[in-house]
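Dear colleague,

Please find below the structure that I am handing over to you.

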Amino acid sequence: VELTMQFIHDDEKIGRTQVVCDHDDMVRSRDAIEAHVGRYINSLDKAHINVTICGGGNATHVLAAYIGHHANTNCSILKCNEHFQSFKDALASHDNTIIAHHRDGRPSVEGKVDFVTNSPSEVIPEADVVIISLPANAHEIYFTCIAPYLSAGTIVGVMVAEGGADWAARACMGDKEDDIIFFGMETLPWACRYEEYAHTVNVRETKQIVNVAVDPPSERFHVCAVLQYLIGIPSASDIHTSLPEFHPVSNMLSMTLMNMNAFVHPSIIYCKFKDWDGVTPFPEKPLFYEGVDDFTATTLQAMNAEIKAIKATVGDRYPSVDLSNVVCILEWLRHAYGDPIPEGADMRKSMNCVCKESGRYSGILHVMNEVEGGFVPDASYRYFTEDIPCGLVVIKAFAELLGLETPTIITVIEWMQRMMGKEYLVNGRVCGRDVAETKAPQRFGLSLDQVMKRYSD
């Protein structure tokens, strides 16, 4: 395979990459990915990188510690809400530093935050990289407020992409759409919780590999290199291995269809509470991941089969669209978490390995509200408000464009929307009164051919 690369430096932006490759299949090789990403990382030490993090939650704390740790970065945080001042004051009381502690034995990482603001005009024009670390239902707010200030060539990404992130970004960006480099992560790199607001965060778990989709695809190695440099941290067992490894995938449609949050979170909640009468409280909060039973595993497998049918149909009708990264849930779990999952393990065993036997996510409970007499499910939590309108509904909507039925996905959505008091589906179709809150292609007026054209080019 002949590969031509050129690394371009200019005074306004960090290096750009131009990649010409005869066979795109080569990027599926892990060794090839690491080799090409590595070439760009070697040049980033010499660059000055302005990074703006949008958010203020758990993942923002980790990003700030990692990014602010580099001597050649300027780390800013943009919070466009009423909590901006309290975050800024809390950070200032700790000398503007955030510390990430690691449960796996890696040393703590301390980073300096250079600036906190609620005004995009103060940080976005000079930003080389903008990372939106917020629930998917807040992405469009930030897309809209940063768009007027973006410079050509700025890398803008979301963590996590969820479903239809690229459709929403293009709708909000206006004439800036073709000027930026857009990326989306398939999953959060870490399981993390801040310990002291605006100061310390506990990184409980770091995934081995995180897939990243980039638009335009020609910038995929460059973007993965920037992410690897900024937020890859040496492994506890091998200081020469930086985790997570950021791997480029073919397109943003892969992100929409390979939305693990949308599969796993709603399925676990539905299977646990589907027979609840909506009134009687539970005496205690049940275990979340560790509570996966045979019925939950069967539901996940049925949902997985529906995703597989979507992938096969796209392959038949649009053979130039690469969805090779849309894999079964079991394969994804092994890809993300590695050794703890034995070959041949079924869905329930695999989930238990990730959670209980490996210590990952152990002890995490269902998110519930305390009421008189016990606890009830919290339908305002992101497993509802993010994973349904920005996850399962988007997948269902795309399947609808293809003319495919998705009975398991419909069942879970219908139960979840009743819990939320929302209406996304009516008679199994994406035409409810609250579709405007989703990232369904129908909301943006996109036909199937319009959706697929972007991924076929």
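Thr60 is found in helix H2, where helices (H or I, at least four residues) and strands (E, at least two) are DSSP runs numbered from the N terminus. This is a predicted model, in which local features need pLDDT of at least 70 and side-chain atom pairs count only at pLDDT 80 or more, while totals for chains, interfaces and linings use all residues. Residues are numbered from 1 along each chain as its sequence is written, and side-chain values use heavy atoms, with hydrogens and water left out.

Thr60 has a relative accessible area of 0% and is therefore buried (under 20% relative accessible area, with exposed over 50% and partly exposed in between; 1.4 Å probe, protein chains only). Leaving aside residues up to four places away in sequence, Thr60 touches Ile53, Cys54, Gly55, Ile77 and Ser133; contact means heavy atoms within 4.5 Å. Helix H2 spans residues 58-68 and is mostly covered, with 10 of its 11 residues buried. Among them are His61, Leu63 and Tyr66.

The structure also holds 1 cavity of 30 Å³ or more. A cavity is a set of points, on a 1 Å grid over the protein atoms alone, where a 1.4 Å probe fits but cannot get out, and its lining residues have an atom within 4 Å of a point. Grid points are joined across faces, edges and corners, and a volume is the space filled by probe spheres set on the points. The largest cavity has a volume of about 60 Å³. Helix H8 (260-273) and helix H12 (382-385) are the elements that give two or more residues to its lining. Residues lining this cavity include Phe273, His366, Asp378 and Phe384.

Notes: 1 Å grid on protein atoms, 1.4 Å probe; cavity = no way out; pocket = protein on both sides within 12 Å on 5 of 7 lines; lining within 4 Å.
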